[in-house]
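Work through the exercises below with the model open. Each task is followed by a solution in steps.

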Amino acid sequence: MLRRVLLAASASPKLRQLIVTAPQTRAIVDSYVAGESADDAVRVTRMLRASGLLVTLDYLGEDTTDEAQAAAVVDEYVELLGKLSADGLTQGGAAEVSVKPTAVGLHLSQGLAAENIARICTAARDAGTTVTLDAEHYDAIEPTIRIVASLRDAHPDLGCVIQAALRRSEADCRSLAGYGSRVRLCKGAYSNEESVAFVAKRDVDLSYARCQKVLMNGSGYPMMATHDPRLIEITGSLAMLAARGPDSFEYQMLYGIRPGEQRRLANTGARMRIYVPYGGDWYGYLVRRLAERPANLAFFLRSLGSRS
Ligand code: FDA
């Protein structure tokens with residue numbers, strides 16, 4: 001409930017101004033975000049790679065409504081991929097990129113977003129790595145899946161994210177669990193109507209477990225994006241039952257969340273990938289992180305309250 005209220009309130013310009021200008025915000029942003037520039041992203045990638053972790057980088061920003069801005073986002077990804085490649089960080093897909101379709105023009109047109117995503121995919125292929133499309137608001141889900149399908153021939157390793165919170169997701173997993181298909185499964189960080197989404201946490205978790213089973217028993221490449229200890233354990237059991245080797249799936253977590261568990265899983269020989277956001281447009285990302293954990297939100301609100 002609190003989560004839904006905060007996500008809805010985050011659209012308010014007043015709340016945005018309060019959060020963005022609060023001096024306490026910086027420390028929290030720094031714990032979740034690698035920095036503002038591509039060089040910051042490369043530096044953090046180098047550090048994570050040195051501890052045996054894989055990386056996916058997200059240039060922060062979403063809901064672009066201007067063609068030139070969408071092109072600038074594409075340029076940023078192309079430049080980032082060049083820098084990562086020059087540092088040897090993309091070899092074998094060790095560092096890849098995650099892209100929000102609305103950041104590259106999905107609100108303007110599906111065709112423009114697909115063209116822009118194809119440009120990023122080409123730069124990723126030249127760098128020896130891959131692209132995964134994030135899942136955003138409900139309205140963006142169907143067009144995103146269509147873009148992945150339309151680019152499949154040219155870029156078969158283009159991955160996408162499925163949100164277990166959505167009622168449609170188990171069926172989406174079934175159609176995406178084919179050979180070579182890269183699917184990242186997360187719980188879902190957006191607020192949705194009950195008609196299209198599970199709202200109770202328990203129902204979302206159960207849906208996650210069902211989707212997990214479909215993907216792990218399929219012939220694609222599942223990427224299990226969660227910090228939830230029970231679901232992580234289920235991934236391990238499903239891998240054993242399906243006789244999947246450690247190279248045939250990944251665990252994934254967000255930068256700054258459960259770093260000890262990230263290292264523990266990597267030390268077992270599992271592929272463990274960290275989602276690392278960078279850039280100046282961190283507001284939407286920060287609000288989603290605060291909203292999914294009441295303890296973080298309470299801490300943040302207390303620190304705002306103690307300003308005076
Ligand atoms: P849950 O929220 O139940 O948390 C389980 C445990 O993890 C908590 O008890 C706590 O210990 C820890 N934890 C979780 N969140 C925390 C936080 N903010 N701070 C500190 N501890 C925390 N969503 C989406 O809608 N579209 C997308 O494309 C993606 N992409 C994506 C990629 C990757 C790699 C990950 C890991 C996640 C996403 N997400 C996402 C976000 C996802 O939907 C979800 O909101 C978060 O991962 C939190 O859900 P958990 O599965 O971790 O479970």
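**Exercise 1.** State which helix gives the most to the lining of the largest pocket, and how the lining divides by class.

Step 1. Helix α12 gives the most, with 5 residues. Helices (H or I, at least four residues) and strands (E, at least two) are DSSP runs, numbered from the N terminus. A pocket is an open set of points on a 1 Å grid over the protein atoms alone, where a 1.4 Å probe fits, with protein on both sides within 12 Å along at least five of seven lines; lining residues have an atom within 4 Å of a point.

Step 2. By class, the lining has 24 nonpolar, 9 polar and 14 charged residues. Ala, Val, Leu, Ile, Met, Phe, Trp, Tyr, Cys and Pro count as nonpolar, Asp, Glu, Lys and Arg as charged, and the others, Gly among them, as polar.

Step 3. The volume of the largest pocket is about 1,300 Å³. Of its 47 lining residues, Lys187, Gly188, Ala189, Arg289 and Glu292 are the closest to the centre.

Step 4. The model is predicted: local features need pLDDT of at least 70, side-chain atom pairs count only at pLDDT 80 or more, and totals for chains, interfaces and linings use all residues. Residues are numbered from 1 along each chain as its sequence is written, and side-chain values use heavy atoms, with hydrogens and water left out.

**Exercise 2.** Describe the second largest pocket by volume and lining.

Step 1. Its volume is about 410 Å³. Of the 16 residues that line it, Ser10, Glu62, Asp63, His137 and Gly284 are the closest to its centre.

Step 2. Helix α12 supplies the largest share of this lining, 4 residues. The lining residues divide into 6 nonpolar, 5 polar and 5 charged.

**Exercise 3.** Trace the order of the strands in the barrel and check the pairing of β1.

Step 1. The closed barrel of 8 strands runs β1-β2-β3-β4-β5-β6-β7-β8, with parallel pairing. Two strands pair if DSSP finds at least two bridges between them.

Step 2. Strand β1 (residues 54-59) has 5 of its 6 residues buried, where buried means under 20% relative accessible area (1.4 Å probe, protein chains only).

Step 3. On one side, 6 bridges join β1 to the parallel strand β8 (residues 272-278), and Leu57 stands opposite Val276 in β8.

Methods: Grid points are joined across faces, edges and corners, and a volume is the space filled by probe spheres set on the points. Buried means under 20% relative accessible area, exposed over 50%, partly exposed in between (1.4 Å probe, protein chains only).
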